Amino acid sequence: MTDDILLLEAIERYLNGDMDAAERNYFENLRKTTPEIDQMVVEHGMFLHQMDIYAVHRNLRNSFQATHAKLLERGDINEGGELTTKGKVIQIWNKYKRVTAIAASVGGAIALVISGLALYFVPAINGNQIEQLSKAVDVIKKNQQYQGNLINEVKSKVPMDVRMINGGSGFLIDPKGFILTNAHVLKGTGAAVVVNSKGQEFNATIAHVDAEKDLAILKINDADFTPLKALPYSIRRNSSDLGEQVFTLGYPRNDIVYGEGYLSARSGYNSDSLSYQVQISANPGNSGGPLFNNNGEVIGILSTRQAQAEGVAFAVKSKNIFSMVDELVKNGDTAFEKIRLPSKNSLKGIDRKKQINKLEESVFYVKAFRK
Amino acid sequence: MKADSNEQVLLKGLALNDSKAIETIYKDNFSMVQAFILQNNGSYDDARDIFQEAMIALYEKAQNDSFVLTCQIKTYVYSICRRLWLKRLQQMGRYSHQVDSLEETVPVEEDLDIHEKRNAEFAIMDRALNSLGEPCKSLLEGYYLKKMDMQALASAFGYTNADNAKNQKYKCLMRLKKLFFSQYNIGD
(Lines give C-alpha, C1' and ligand atoms only; values in the text may rest on other atoms or scores of the structure.)
Protein backbone atom coordinates (compact mmCIF):
# COMPACT_ATOMS: atom_id res chain seq x y z
CA MET A 1 0.00 0.00 0.00
CA THR A 2 2.92 2.32 0.63
CA ASP A 3 3.73 1.97 -3.07
CA ASP A 4 0.21 2.98 -3.98
CA ILE A 5 0.47 6.04 -1.78
CA LEU A 6 3.77 7.00 -3.35
CA LEU A 7 2.42 6.48 -6.83
CA LEU A 8 -0.62 8.64 -6.11
CA GLU A 9 1.62 11.32 -4.67
CA ALA A 10 3.74 11.21 -7.81
CA ILE A 11 0.67 11.50 -9.99
CA GLU A 12 -0.55 14.50 -8.06
CA ARG A 13 2.82 16.17 -8.24
CA TYR A 14 2.96 15.47 -11.94
CA LEU A 15 -0.52 16.88 -12.51
CA ASN A 16 0.20 19.95 -10.43
CA GLY A 17 3.43 20.56 -12.37
CA ASP A 18 5.58 20.17 -9.27
CA MET A 19 8.13 17.84 -10.92
CA ASP A 20 11.46 19.03 -12.28
CA ALA A 21 12.39 18.30 -15.89
CA ALA A 22 14.30 15.08 -15.29
CA GLU A 23 11.64 13.59 -13.04
CA ARG A 24 8.99 14.69 -15.43
CA ASN A 25 10.70 12.99 -18.36
CA TYR A 26 11.07 9.82 -16.36
CA PHE A 27 7.43 9.87 -15.35
CA GLU A 28 6.21 10.56 -18.88
CA ASN A 29 8.23 7.61 -20.10
CA LEU A 30 6.63 5.51 -17.42
CA ARG A 31 3.21 6.64 -18.62
CA LYS A 32 4.03 5.61 -22.17
CA THR A 33 5.29 2.19 -21.22
CA THR A 34 2.73 1.35 -18.53
CA PRO A 35 -0.87 1.75 -19.70
CA GLU A 36 -2.17 1.15 -16.16
CA ILE A 37 -0.31 4.17 -14.87
CA ASP A 38 -1.40 6.25 -17.82
CA GLN A 39 -4.98 5.28 -17.11
CA MET A 40 -4.57 6.25 -13.47
CA VAL A 41 -3.14 9.64 -14.41
CA VAL A 42 -6.03 10.40 -16.72
CA GLU A 43 -8.61 9.29 -14.20
CA HIS A 44 -7.05 11.12 -11.30
CA GLY A 45 -6.59 14.24 -13.38
CA MET A 46 -10.25 14.28 -14.17
CA PHE A 47 -11.16 13.68 -10.56
CA LEU A 48 -8.98 16.54 -9.35
CA HIS A 49 -10.51 18.78 -12.00
CA GLN A 50 -13.96 17.89 -10.67
CA MET A 51 -12.78 18.66 -7.15
CA ASP A 52 -11.51 22.05 -8.24
CA ILE A 53 -14.78 22.94 -9.95
CA TYR A 54 -16.62 21.71 -6.90
CA ALA A 55 -14.52 23.91 -4.63
CA VAL A 56 -15.09 26.98 -6.79
CA HIS A 57 -18.83 26.41 -6.99
CA ARG A 58 -19.13 25.84 -3.31
CA ASN A 59 -17.32 29.07 -2.57
CA LEU A 60 -19.55 30.86 -5.07
CA ARG A 61 -22.70 29.51 -3.51
CA ASN A 62 -21.50 30.57 -0.10
CA SER A 63 -20.67 34.06 -1.24
CA PHE A 64 -24.07 34.36 -2.97
CA GLN A 65 -25.79 33.35 0.24
CA ALA A 66 -23.74 35.86 2.18
CA THR A 67 -24.49 38.58 -0.35
CA HIS A 68 -28.16 37.74 -0.21
CA ALA A 69 -28.21 38.02 3.58
CA LYS A 70 -26.27 41.27 3.49
CA LEU A 71 -28.51 42.91 0.88
CA LEU A 72 -31.55 41.71 2.73
CA GLU A 73 -30.33 43.27 5.94
CA ARG A 74 -29.51 46.54 4.23
CA GLY A 75 -32.95 46.55 2.64
CA ASP A 76 -31.62 46.59 -0.94
CA ILE A 77 -33.76 43.54 -1.59
CA ASN A 78 -36.65 42.24 0.45
CA GLU A 79 -38.57 39.05 0.92
CA GLY A 80 -41.96 40.31 1.93
CA GLY A 81 -41.17 40.47 5.61
CA GLU A 82 -41.05 43.69 7.59
CA LEU A 83 -39.65 46.37 5.37
CA THR A 84 -36.34 47.42 6.76
CA THR A 85 -36.02 50.19 4.24
CA LYS A 86 -37.52 52.92 6.33
CA GLY A 87 -34.20 54.68 6.57
CA LYS A 88 -33.80 54.43 2.87
CA VAL A 89 -37.21 55.87 2.09
CA ILE A 90 -36.44 58.86 4.23
CA GLN A 91 -33.11 59.19 2.50
CA ILE A 92 -34.78 59.21 -0.88
CA TRP A 93 -37.33 61.71 0.32
CA ASN A 94 -34.59 64.03 1.57
CA LYS A 95 -32.72 63.66 -1.64
CA TYR A 96 -35.65 64.40 -3.91
CA LYS A 97 -37.58 66.74 -1.65
CA ARG A 98 -36.69 69.81 -3.66
CA VAL A 99 -37.37 68.20 -7.01
CA THR A 100 -40.68 66.89 -5.75
CA ALA A 101 -41.66 70.29 -4.41
CA ILE A 102 -40.83 72.01 -7.68
CA ALA A 103 -42.61 69.36 -9.72
CA ALA A 104 -45.67 69.60 -7.50
CA SER A 105 -45.89 73.38 -7.74
CA VAL A 106 -45.34 73.37 -11.50
CA GLY A 107 -48.01 70.68 -11.81
CA GLY A 108 -50.37 72.72 -9.63
CA ALA A 109 -49.82 75.85 -11.69
CA ILE A 110 -50.44 74.00 -14.94
CA ALA A 111 -53.59 72.44 -13.54
CA LEU A 112 -54.90 75.87 -12.52
CA VAL A 113 -54.14 77.36 -15.93
CA ILE A 114 -55.77 74.49 -17.76
CA SER A 115 -58.90 74.47 -15.68
CA GLY A 116 -59.11 78.26 -16.09
CA LEU A 117 -58.80 77.91 -19.85
CA ALA A 118 -61.30 75.12 -19.91
CA LEU A 119 -63.84 77.17 -17.96
CA TYR A 120 -63.29 80.07 -20.30
CA PHE A 121 -63.63 78.15 -23.55
CA VAL A 122 -66.30 75.59 -22.78
CA PRO A 123 -69.54 76.65 -24.47
CA ALA A 124 -72.44 77.44 -22.17
CA ILE A 125 -74.66 74.83 -23.75
CA ASN A 126 -72.58 72.09 -22.17
CA GLY A 127 -73.91 72.99 -18.78
CA ASN A 128 -77.22 71.53 -19.79
CA GLN A 129 -75.82 68.30 -21.01
CA ILE A 130 -73.88 67.86 -17.86
CA GLU A 131 -77.05 68.26 -15.89
CA GLN A 132 -78.90 65.71 -17.92
CA LEU A 133 -76.08 63.34 -17.54
CA SER A 134 -76.05 63.59 -13.82
CA LYS A 135 -79.75 62.86 -13.78
CA ALA A 136 -79.15 59.76 -15.79
CA VAL A 137 -76.49 58.80 -13.36
CA ASP A 138 -79.02 59.11 -10.59
CA VAL A 139 -81.31 56.70 -12.39
CA ILE A 140 -78.51 54.31 -13.00
CA LYS A 141 -77.56 54.48 -9.39
CA LYS A 142 -81.05 53.52 -8.34
CA ASN A 143 -81.04 50.67 -10.81
CA GLN A 144 -77.77 49.51 -9.45
CA GLN A 145 -79.07 49.53 -5.93
CA TYR A 146 -82.00 47.47 -7.04
CA GLN A 147 -79.79 45.04 -8.85
CA GLY A 148 -77.46 45.02 -5.91
CA ASN A 149 -80.30 43.73 -3.78
CA LEU A 150 -81.01 41.00 -6.25
CA ILE A 151 -77.42 40.00 -6.46
CA ASN A 152 -77.11 39.83 -2.73
CA GLU A 153 -79.94 37.38 -2.60
CA VAL A 154 -78.22 34.96 -4.95
CA LYS A 155 -75.22 33.98 -2.91
CA SER A 156 -72.18 32.44 -4.52
CA LYS A 157 -71.83 28.75 -3.84
CA VAL A 158 -68.13 29.12 -3.27
CA PRO A 159 -67.97 29.10 0.54
CA MET A 160 -66.75 32.31 2.12
CA ASP A 161 -63.93 30.84 4.16
CA VAL A 162 -62.04 29.00 1.43
CA ARG A 163 -59.11 29.79 -0.73
CA MET A 164 -59.66 29.70 -4.50
CA ILE A 165 -56.79 27.68 -5.83
CA ASN A 166 -57.31 27.50 -9.51
CA GLY A 167 -59.73 27.93 -12.36
CA GLY A 168 -60.17 26.10 -15.60
CA SER A 169 -62.72 24.64 -17.95
CA GLY A 170 -64.55 21.34 -18.12
CA PHE A 171 -67.33 19.67 -20.07
CA LEU A 172 -70.02 17.07 -19.54
CA ILE A 173 -69.23 13.51 -20.51
CA ASP A 174 -72.54 12.27 -19.20
CA PRO A 175 -75.76 14.30 -19.04
CA LYS A 176 -76.31 13.18 -15.44
CA GLY A 177 -73.61 15.61 -14.34
CA PHE A 178 -70.22 14.00 -14.84
CA ILE A 179 -67.73 16.64 -15.91
CA LEU A 180 -64.33 16.00 -17.38
CA THR A 181 -61.46 18.41 -16.78
CA ASN A 182 -57.67 18.38 -16.38
CA ALA A 183 -56.19 16.96 -13.21
CA HIS A 184 -53.92 20.00 -12.90
CA VAL A 185 -56.94 22.33 -12.86
CA LEU A 186 -57.91 20.78 -9.52
CA LYS A 187 -54.32 20.98 -8.31
CA GLY A 188 -54.82 18.68 -5.39
CA THR A 189 -57.78 20.65 -4.09
CA GLY A 190 -60.64 19.12 -2.18
CA ALA A 191 -63.70 20.48 -3.92
CA ALA A 192 -64.92 22.52 -6.81
CA VAL A 193 -67.78 24.66 -7.94
CA VAL A 194 -68.71 24.57 -11.61
CA VAL A 195 -70.42 27.38 -13.46
CA ASN A 196 -72.33 26.99 -16.70
CA SER A 197 -72.44 29.48 -19.55
CA LYS A 198 -75.48 31.18 -18.03
CA GLY A 199 -73.57 31.86 -14.84
CA GLN A 200 -75.38 29.31 -12.65
CA GLU A 201 -73.14 27.72 -10.06
CA PHE A 202 -73.30 24.10 -8.97
CA ASN A 203 -71.45 22.25 -6.23
CA ALA A 204 -69.33 19.41 -7.50
CA THR A 205 -67.21 16.72 -5.88
CA ILE A 206 -64.03 15.30 -7.26
CA ALA A 207 -64.88 11.76 -8.34
CA HIS A 208 -61.59 10.67 -9.86
CA VAL A 209 -58.17 12.07 -10.63
CA ASP A 210 -55.74 10.50 -13.08
CA ALA A 211 -52.58 12.56 -12.76
CA GLU A 212 -50.73 10.54 -15.38
CA LYS A 213 -53.22 11.25 -18.13
CA ASP A 214 -53.84 14.68 -16.58
CA LEU A 215 -57.58 14.00 -16.52
CA ALA A 216 -60.11 14.26 -13.73
CA ILE A 217 -63.83 13.60 -13.34
CA LEU A 218 -66.11 15.84 -11.31
CA LYS A 219 -69.63 14.92 -10.30
CA ILE A 220 -72.22 17.66 -9.90
CA ASN A 221 -73.98 17.15 -6.58
CA ASP A 222 -76.50 19.91 -6.52
CA ALA A 223 -80.28 19.95 -6.32
CA ASP A 224 -80.34 22.98 -8.62
CA PHE A 225 -78.83 20.98 -11.44
CA THR A 226 -81.26 19.53 -13.94
CA PRO A 227 -79.65 16.74 -15.94
CA LEU A 228 -79.70 17.30 -19.68
CA LYS A 229 -81.69 14.90 -21.85
CA ALA A 230 -78.72 14.10 -23.99
CA LEU A 231 -75.39 15.59 -24.94
CA PRO A 232 -75.25 17.02 -28.45
CA TYR A 233 -71.72 15.81 -29.11
CA SER A 234 -69.99 12.46 -29.16
CA ILE A 235 -66.45 11.63 -28.09
CA ARG A 236 -64.13 10.37 -30.77
CA ARG A 237 -62.63 6.96 -30.14
CA ASN A 238 -60.11 7.01 -32.97
CA SER A 239 -57.21 9.32 -33.63
CA SER A 240 -57.78 12.48 -35.57
CA ASP A 241 -56.01 13.57 -38.72
CA LEU A 242 -53.31 16.13 -39.16
CA GLY A 243 -54.68 19.42 -40.42
CA GLU A 244 -58.16 18.80 -39.05
CA GLN A 245 -59.96 22.03 -38.21
CA VAL A 246 -60.72 22.29 -34.50
CA PHE A 247 -62.45 24.67 -32.15
CA THR A 248 -62.76 25.02 -28.42
CA LEU A 249 -64.95 26.64 -25.81
CA GLY A 250 -63.54 27.57 -22.45
CA TYR A 251 -63.26 30.08 -19.66
CA PRO A 252 -60.01 32.02 -19.76
CA ARG A 253 -62.16 34.70 -18.15
CA ASN A 254 -65.54 34.67 -16.49
CA ASP A 255 -67.36 34.59 -19.80
CA ILE A 256 -67.26 31.63 -22.16
CA VAL A 257 -64.76 32.16 -25.01
CA TYR A 258 -64.63 30.53 -28.44
CA GLY A 259 -61.39 29.79 -30.25
CA GLU A 260 -60.46 27.92 -33.40
CA GLY A 261 -57.39 26.38 -34.98
CA TYR A 262 -56.08 23.17 -36.47
CA LEU A 263 -54.40 19.95 -35.43
CA SER A 264 -50.69 20.49 -36.08
CA ALA A 265 -49.07 17.26 -34.83
CA ARG A 266 -50.12 13.77 -33.81
CA SER A 267 -47.99 13.95 -30.68
CA GLY A 268 -47.66 16.46 -27.89
CA TYR A 269 -44.84 18.15 -26.03
CA ASN A 270 -41.61 16.13 -26.22
CA SER A 271 -43.35 13.63 -28.55
CA ASP A 272 -45.83 12.70 -25.84
CA SER A 273 -48.07 10.17 -27.59
CA LEU A 274 -50.99 10.76 -25.22
CA SER A 275 -51.66 14.17 -26.70
CA TYR A 276 -51.90 16.26 -29.86
CA GLN A 277 -50.26 19.51 -30.75
CA VAL A 278 -52.80 22.13 -31.74
CA GLN A 279 -52.38 25.54 -33.28
CA ILE A 280 -54.92 27.55 -31.36
CA SER A 281 -54.99 30.60 -29.17
CA ALA A 282 -55.28 29.20 -25.66
CA ASN A 283 -54.94 31.05 -22.40
CA PRO A 284 -54.71 30.05 -18.75
CA GLY A 285 -58.23 28.95 -17.94
CA ASN A 286 -58.68 27.07 -21.20
CA SER A 287 -57.20 24.03 -19.47
CA GLY A 288 -59.70 21.20 -19.35
CA GLY A 289 -61.79 22.63 -22.15
CA PRO A 290 -63.05 20.36 -24.93
CA LEU A 291 -61.49 20.38 -28.38
CA PHE A 292 -64.07 19.72 -31.10
CA ASN A 293 -63.60 18.91 -34.76
CA ASN A 294 -65.86 20.35 -37.49
CA ASN A 295 -68.47 17.65 -36.90
CA GLY A 296 -68.69 18.58 -33.24
CA GLU A 297 -66.98 15.46 -31.98
CA VAL A 298 -64.74 15.85 -28.93
CA ILE A 299 -61.26 14.88 -30.09
CA GLY A 300 -59.26 16.13 -27.12
CA ILE A 301 -58.98 18.11 -23.92
CA LEU A 302 -56.88 21.28 -24.05
CA SER A 303 -54.29 21.02 -21.33
CA THR A 304 -51.09 22.97 -21.83
CA ARG A 305 -49.41 25.37 -24.13
CA GLN A 306 -45.85 26.06 -25.07
CA ALA A 307 -44.75 29.22 -23.38
CA GLN A 308 -42.04 30.28 -25.77
CA ALA A 309 -44.06 29.77 -28.96
CA GLU A 310 -47.11 31.67 -30.04
CA GLY A 311 -50.34 29.72 -30.35
CA VAL A 312 -48.89 26.26 -29.75
CA ALA A 313 -51.10 24.27 -27.39
CA PHE A 314 -51.42 20.63 -26.45
CA ALA A 315 -54.53 18.55 -25.97
CA VAL A 316 -54.95 15.16 -24.31
CA LYS A 317 -56.34 12.75 -26.93
CA SER A 318 -60.00 11.83 -26.48
CA LYS A 319 -59.36 8.09 -26.54
CA ASN A 320 -57.76 8.52 -23.12
CA ILE A 321 -61.24 9.30 -21.79
CA PHE A 322 -62.45 5.90 -22.91
CA SER A 323 -59.46 4.10 -21.49
CA MET A 324 -59.81 5.91 -18.18
CA VAL A 325 -63.54 5.22 -17.78
CA ASP A 326 -63.17 1.61 -18.97
CA GLU A 327 -60.48 1.05 -16.41
CA LEU A 328 -62.59 2.54 -13.63
CA VAL A 329 -65.51 0.31 -14.49
CA LYS A 330 -63.25 -2.72 -14.78
CA ASN A 331 -61.84 -2.02 -11.33
CA GLY A 332 -65.38 -2.40 -10.07
CA ASP A 333 -65.94 1.22 -9.14
CA THR A 334 -69.72 1.27 -9.03
CA ALA A 335 -69.91 5.04 -9.05
CA PHE A 336 -68.68 5.06 -12.61
CA GLU A 337 -70.85 2.30 -13.99
CA LYS A 338 -73.52 4.89 -14.53
CA ILE A 339 -71.33 6.88 -16.89
CA ARG A 340 -72.47 6.54 -20.48
CA LEU A 341 -70.00 8.31 -22.68
CA PRO A 342 -71.96 10.11 -25.40
CA SER A 343 -71.92 8.31 -28.74
CA LYS A 344 -74.59 10.15 -30.71
CA ASN A 345 -73.64 13.34 -32.39
CA SER A 346 -76.30 15.80 -33.46
CA LEU A 347 -73.97 18.55 -34.56
CA LYS A 348 -72.80 17.20 -37.89
CA GLY A 349 -73.41 19.41 -40.89
CA ILE A 350 -74.89 22.40 -39.08
CA ASP A 351 -73.20 25.75 -39.04
CA ARG A 352 -70.80 26.80 -36.31
CA LYS A 353 -73.09 29.30 -34.58
CA LYS A 354 -75.78 26.66 -34.16
CA GLN A 355 -73.22 24.12 -33.00
CA ILE A 356 -71.98 26.48 -30.33
CA ASN A 357 -75.51 27.31 -29.34
CA LYS A 358 -76.15 23.65 -28.63
CA LEU A 359 -72.79 22.99 -27.05
CA GLU A 360 -72.50 25.96 -24.80
CA GLU A 361 -74.51 24.63 -21.89
CA SER A 362 -72.32 21.54 -21.59
CA VAL A 363 -69.11 23.47 -21.10
CA PHE A 364 -68.40 24.60 -17.56
CA TYR A 365 -66.13 26.97 -15.71
CA VAL A 366 -64.39 24.95 -12.99
CA LYS A 367 -63.41 26.78 -9.82
CA ALA A 368 -61.25 24.67 -7.57
CA PHE A 369 -60.78 25.65 -3.96
CA ARG A 370 -59.35 24.40 -0.72
CA LYS A 371 -61.01 24.65 2.64
CA MET B 1 -27.25 45.14 -27.92
CA LYS B 2 -23.70 44.83 -26.66
CA ALA B 3 -22.81 44.87 -23.02
CA ASP B 4 -21.19 48.19 -22.18
CA SER B 5 -17.75 48.44 -20.65
CA ASN B 6 -19.19 48.84 -17.18
CA GLU B 7 -20.90 45.49 -17.45
CA GLN B 8 -17.75 43.87 -18.78
CA VAL B 9 -15.94 45.07 -15.66
CA LEU B 10 -18.67 43.57 -13.50
CA LEU B 11 -18.38 40.25 -15.31
CA LYS B 12 -14.61 40.24 -14.90
CA GLY B 13 -15.17 40.84 -11.20
CA LEU B 14 -17.64 37.98 -11.01
CA ALA B 15 -15.18 35.66 -12.74
CA LEU B 16 -12.66 36.49 -9.99
CA ASN B 17 -15.26 35.96 -7.26
CA ASP B 18 -14.98 39.62 -6.30
CA SER B 19 -17.53 40.42 -3.62
CA LYS B 20 -18.14 44.00 -4.77
CA ALA B 21 -19.02 42.85 -8.28
CA ILE B 22 -21.22 40.04 -6.99
CA GLU B 23 -23.04 42.47 -4.75
CA THR B 24 -23.67 44.92 -7.57
CA ILE B 25 -24.97 42.31 -9.99
CA TYR B 26 -27.05 40.77 -7.25
CA LYS B 27 -28.58 44.08 -6.22
CA ASP B 28 -29.34 45.18 -9.77
CA ASN B 29 -31.07 42.01 -10.87
CA PHE B 30 -32.52 40.11 -7.97
CA SER B 31 -35.73 42.05 -7.51
CA MET B 32 -36.72 41.64 -11.15
CA VAL B 33 -36.28 37.87 -10.96
CA GLN B 34 -38.05 37.68 -7.63
CA ALA B 35 -41.04 39.55 -9.04
CA PHE B 36 -41.20 37.20 -12.01
CA ILE B 37 -41.09 34.08 -9.85
CA LEU B 38 -43.60 35.35 -7.33
CA GLN B 39 -45.98 36.21 -10.15
CA ASN B 40 -45.65 32.72 -11.50
CA ASN B 41 -46.53 30.53 -8.59
CA GLY B 42 -43.18 30.60 -6.84
CA SER B 43 -42.06 31.42 -3.31
CA TYR B 44 -39.31 33.66 -1.95
CA ASP B 45 -37.12 30.61 -1.52
CA ASP B 46 -37.69 29.58 -5.12
CA ALA B 47 -36.66 33.04 -6.22
CA ARG B 48 -33.45 32.88 -4.22
CA ASP B 49 -32.63 29.42 -5.56
CA ILE B 50 -33.30 30.19 -9.16
CA PHE B 51 -31.50 33.50 -9.07
CA GLN B 52 -28.40 31.99 -7.53
CA GLU B 53 -28.44 29.25 -10.14
CA ALA B 54 -28.49 31.91 -12.81
CA MET B 55 -25.59 33.70 -11.15
CA ILE B 56 -23.59 30.49 -11.32
CA ALA B 57 -24.45 30.11 -14.98
CA LEU B 58 -23.32 33.69 -15.55
CA TYR B 59 -20.13 32.96 -13.66
CA GLU B 60 -19.43 29.98 -15.86
CA LYS B 61 -19.87 32.15 -18.91
CA ALA B 62 -17.67 34.88 -17.50
CA GLN B 63 -14.95 32.31 -16.73
CA ASN B 64 -14.50 31.69 -20.40
CA ASP B 65 -11.80 34.06 -21.66
CA SER B 66 -13.18 34.30 -25.16
CA PHE B 67 -16.58 35.12 -23.81
CA VAL B 68 -18.33 38.32 -24.75
CA LEU B 69 -21.86 38.75 -23.50
CA THR B 70 -23.88 39.88 -26.47
CA CYS B 71 -26.68 41.30 -24.41
CA GLN B 72 -27.12 43.06 -21.11
CA ILE B 73 -26.46 41.12 -17.93
CA LYS B 74 -30.06 41.82 -16.99
CA THR B 75 -31.43 40.20 -20.13
CA TYR B 76 -29.18 37.20 -19.78
CA VAL B 77 -29.98 36.61 -16.12
CA TYR B 78 -33.67 37.03 -16.78
CA SER B 79 -33.60 34.58 -19.67
CA ILE B 80 -31.79 31.95 -17.64
CA CYS B 81 -34.13 32.34 -14.69
CA ARG B 82 -37.15 32.16 -16.92
CA ARG B 83 -36.04 28.93 -18.57
CA LEU B 84 -35.03 27.39 -15.25
CA TRP B 85 -38.32 28.30 -13.64
CA LEU B 86 -40.40 27.08 -16.57
CA LYS B 87 -38.59 23.83 -16.39
CA ARG B 88 -39.18 23.50 -12.68
CA LEU B 89 -42.84 24.37 -13.03
CA GLN B 90 -43.15 21.75 -15.67
CA GLN B 91 -41.51 19.15 -13.46
CA MET B 92 -44.00 20.03 -10.76
CA GLY B 93 -46.88 19.67 -13.21
CA ARG B 94 -47.90 23.29 -12.89
CA TYR B 95 -47.15 24.10 -16.45
CA SER B 96 -50.19 25.67 -18.01
CA HIS B 97 -50.05 28.72 -15.87
CA GLN B 98 -49.30 32.23 -16.83
CA VAL B 99 -45.61 32.14 -17.59
CA ASP B 100 -45.58 34.66 -20.36
CA SER B 101 -44.24 38.11 -19.99
CA LEU B 102 -43.09 40.70 -22.39
CA GLU B 103 -39.55 41.09 -21.11
CA GLU B 104 -36.84 40.68 -23.65
CA THR B 105 -35.13 37.29 -23.59
CA VAL B 106 -32.23 35.66 -25.40
CA PRO B 107 -31.87 31.98 -26.24
CA VAL B 108 -29.97 30.26 -23.44
CA GLU B 109 -30.72 26.57 -24.01
CA GLU B 110 -27.14 25.63 -24.78
CA ASP B 111 -25.73 27.41 -21.75
CA LEU B 112 -28.34 25.78 -19.60
CA ASP B 113 -27.41 22.31 -20.81
CA ILE B 114 -23.81 22.92 -19.83
CA HIS B 115 -24.90 24.42 -16.57
CA GLU B 116 -27.11 21.48 -15.76
CA LYS B 117 -24.31 19.04 -16.41
CA ARG B 118 -22.09 21.03 -14.03
CA ASN B 119 -24.86 21.07 -11.49
CA ALA B 120 -25.27 17.32 -11.66
CA GLU B 121 -21.53 16.87 -11.19
CA PHE B 122 -21.60 19.22 -8.25
CA ALA B 123 -24.40 17.22 -6.66
CA ILE B 124 -22.53 13.94 -7.14
CA MET B 125 -19.40 15.32 -5.52
CA ASP B 126 -21.42 16.88 -2.75
CA ARG B 127 -23.23 13.63 -1.99
CA ALA B 128 -20.00 11.65 -2.13
CA LEU B 129 -18.21 14.02 0.25
CA ASN B 130 -21.10 14.16 2.66
CA SER B 131 -21.50 10.41 2.85
CA LEU B 132 -17.82 9.95 3.73
CA GLY B 133 -18.22 10.88 7.36
CA GLU B 134 -15.58 12.42 9.62
CA PRO B 135 -12.66 12.79 9.78
CA CYS B 136 -12.40 11.84 6.09
CA LYS B 137 -14.58 14.69 4.89
CA SER B 138 -12.68 17.42 6.73
CA LEU B 139 -9.32 15.87 5.93
CA LEU B 140 -9.97 15.80 2.20
CA GLU B 141 -11.59 19.23 2.22
CA GLY B 142 -8.54 20.55 4.02
CA TYR B 143 -6.14 19.06 1.51
CA TYR B 144 -7.96 19.41 -1.79
CA LEU B 145 -10.31 22.33 -1.31
CA LYS B 146 -8.46 24.54 1.13
CA LYS B 147 -5.06 23.40 -0.18
CA MET B 148 -3.52 22.98 3.26
CA ASP B 149 -0.23 21.11 3.42
CA MET B 150 0.20 17.74 5.06
CA GLN B 151 2.12 19.08 8.03
CA ALA B 152 -0.63 21.53 8.93
CA LEU B 153 -3.30 18.89 8.44
CA ALA B 154 -1.46 16.40 10.64
CA SER B 155 -1.37 18.85 13.53
CA ALA B 156 -4.93 20.04 12.98
CA PHE B 157 -6.27 16.49 13.08
CA GLY B 158 -3.94 15.25 15.82
CA TYR B 159 -1.84 12.81 13.80
CA THR B 160 1.60 12.14 15.21
CA ASN B 161 3.30 12.92 11.89
CA ALA B 162 2.66 13.88 8.31
CA ASP B 163 3.07 10.30 7.11
CA ASN B 164 0.21 9.10 9.27
CA ALA B 165 -1.97 11.88 7.93
CA LYS B 166 -0.92 10.98 4.39
CA ASN B 167 -1.88 7.37 5.03
CA GLN B 168 -5.26 8.33 6.33
CA LYS B 169 -5.81 10.81 3.49
CA TYR B 170 -5.02 8.11 0.96
CA LYS B 171 -7.63 5.75 2.41
CA CYS B 172 -10.21 8.51 2.50
CA LEU B 173 -9.45 9.55 -1.05
CA MET B 174 -9.90 6.02 -2.33
CA ARG B 175 -13.30 5.87 -0.65
CA LEU B 176 -14.30 9.23 -2.07
CA LYS B 177 -13.22 8.29 -5.57
CA LYS B 178 -15.12 5.06 -5.37
CA LEU B 179 -18.27 6.90 -4.26
CA PHE B 180 -17.81 9.55 -6.91
CA PHE B 181 -17.15 7.26 -9.84
CA SER B 182 -20.01 4.96 -8.93
CA GLN B 183 -22.32 7.75 -10.04
CA TYR B 184 -20.23 9.68 -12.50
CA ASN B 185 -20.01 8.33 -16.04
CA ILE B 186 -16.68 9.04 -17.62
CA GLY B 187 -18.03 8.45 -21.09
CA ASP B 188 -20.55 11.27 -20.99
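Trainee: Where does Asn17(B) lie?

Mentor: Asn17(B) lies in the loop between helix H1 (5–15) and helix H2 of chain B, where helices are DSSP runs of H or I with at least four residues, strands are DSSP runs of E with at least two, and both are numbered from the N terminus. Please keep in mind that this is a predicted model, in which local features need pLDDT of at least 70, side-chain atom pairs count only at pLDDT 80 or more, and totals for chains, interfaces and linings use all residues. Residues are numbered from 1 along each chain as its sequence is written, while chains are lettered from A and ligands numbered from 1 in the order in which they are written.

Trainee: Is Asn17(B) buried, exposed or partly exposed, and how do you know?

Mentor: A residue is buried if 20 or more other C-beta atoms, placed from the backbone, lie within 10 Å of its own C-beta, exposed if 12 or fewer do, and partly exposed in between. Asn17(B) has 13 other C-beta atoms within 10 Å, and therefore it is called partly exposed.

Trainee: What is said about the phi of Asn17(B)?

Mentor: Phi of Asn17(B) is near 60°, which is a positive value in a residue other than glycine. Asn41(B), in the loop between H2 and H3 of chain B, also has a positive phi, near 75°. With 15 C-beta neighbours inside 10 Å, Asn41(B) counts as partly exposed.

Trainee: Which residues of H1(B) are buried, and why are they said to be on one side?

Mentor: The buried residues of H1(B) are Leu10(B), Leu11(B) and Leu14(B). They are placed on the same side of H1(B) because they cover an arc of only 100° around the axis, the arc being that of the directions from the helix axis to the C-beta atoms. An α-helix has 3.6 residues a turn, so residues three or four places apart point the same way. The face turned away from the buried side of H1(B) carries the exposed residues Ser5(B) and Lys12(B). The cover over the buried residues of H1(B) includes H2, H3 and helix H4 (73–91) of chain B.

Trainee: Turning to chain A, what makes E10 of chain A count as largely enclosed?

Mentor: Strand E10 (residues 298–305) of chain A has eight of its eight residues buried, so it is largely enclosed by the rest of the structure.

Trainee: Over how many bridges does E10(A) pair with strand E11 (residues 312–317) of chain A?

Mentor: E10(A) and E11(A) pair in the antiparallel sense over five bridges, and Leu302(A) has Ala315(A) in E11(A) as its bridge partner.

Trainee: In what order do the six strands of the barrel close?

Mentor: The barrel of chain A closes in the order E6-E7-E8-E11-E10-E9, with antiparallel pairing. One of its pairs is strand E7 (residues 257–265) with strand E8 (residues 275–279), which run antiparallel and are joined by three bridges, and there Tyr262(A) stands opposite Gln279(A) in E8(A).

Trainee: Which residues have the most contacts inside the largest nonpolar core?

Mentor: A nonpolar core is a set of buried Ala, Val, Leu, Ile, Met, Phe, Trp, Tyr and Cys residues joined through C-beta atoms within 7 Å. The largest one has 54 residues, and those with the most contacts inside it are Ile179(A), Val194(A), Val278(A), Leu291(A) and Ala315(A). A second, separate core of 30 residues includes Val33(B), Ala47(B), Ile73(B) and Cys81(B).

Trainee: How many residues of chain B are in contact with chain A?

Mentor: Two residues are in contact if their C-beta atoms, placed from the backbone, lie within 7 Å, and by this rule 34 residues of chain B are in contact with 28 residues of chain A. H2(B) gives the most to that side of chain B, with seven residues.

Key:
Two strands pair if DSSP finds at least two bridges between them.
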